[in-house]
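Morning, everyone. Let me put the next structure on the screen, and then I'll walk you through the fold.

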Amino acid sequence: MCYADITTHADGTATALCYCGWTEQHASADAAGAAAAAHQYATEFDAADH
Ligand SMILES: [Zn+2]
């Protein structure tokens, strides 16, 4: 199971990331948080998604 988190940047963008190596760049912390939650949810049920 994955545990995703986000890192916010000085320009207002944010990166969602996970220890499995997955990362996604987003325009806002809210969007990155949603992506991180979706990544965790998806990998709970589909480990082959990695
Ligand atoms: Zn992951």
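First, a term: two strands count as paired if DSSP finds at least two bridges between them. Helices (H or I, at least four residues) and strands (E, at least two) are DSSP runs, numbered from the N terminus. With that in hand, D5 has L17 in β2 as its bridge partner.

Some housekeeping. This is a predicted model: local features need pLDDT of at least 70, side-chain atom pairs count only at pLDDT 80 or more, and totals for chains, interfaces and linings use all residues. Residue numbers start from 1 along each chain, as its sequence is written.

Now the sheet. It is open, has three strands in the order β1-β2-β3, and its pairing is antiparallel. β1 (4–8) and β3 (23–26) are at the edges with a single partner strand each, so one side of each has no neighbour in the sheet. From one strand to the next, the twist averages 20°. That angle uses axes, which are lines fitted to C-alpha atoms, for helices over the stretch in contact; angles run from 0 to 180 degrees between N-to-C directions.

Next, the pairs. β1 and β2 (residues 14–18) run antiparallel and are joined by five bridges. T8 sits opposite A14 in β2. The two strands make a hairpin with five residues between them, and G12 in that turn has a positive phi of about 95°.

On to β2 and β3. They pair in the antiparallel sense over four bridges. Here A16 faces E24 in β3. This hairpin has four residues between its strands, and G21 in the turn has a positive phi of about 110°.

What makes up the largest nonpolar core? Six residues: A4, A14, A16, A32, A35 and A36. By nonpolar core I mean a set of buried Ala, Val, Leu, Ile, Met, Phe, Trp, Tyr and Cys residues joined through C-beta atoms within 7 Å. β2 and α1 each supply at least two of this core's residues. The largest share, three residues, is from α1.

Let's zoom in on A35. This residue lies in helix α1 (residues 29–45). Is A35 buried or exposed? Buried, with 21 other C-beta atoms within 10 Å. The cut-offs: buried is 20 or more other C-beta atoms within 10 Å of a residue's own, exposed is 12 or fewer, partly exposed is in between, and C-beta atoms are placed from the backbone. Not counting residues up to four places away in sequence, A35 touches A16, E24 and H26. Contact here means C-beta atoms, placed from the backbone, within 7 Å. Finally, A35 and D5 are 30 residues apart along the chain, and their C-alpha atoms are separated by 9.4 Å.

Terms used:
Contact = placed C-beta atoms within 7 Å.
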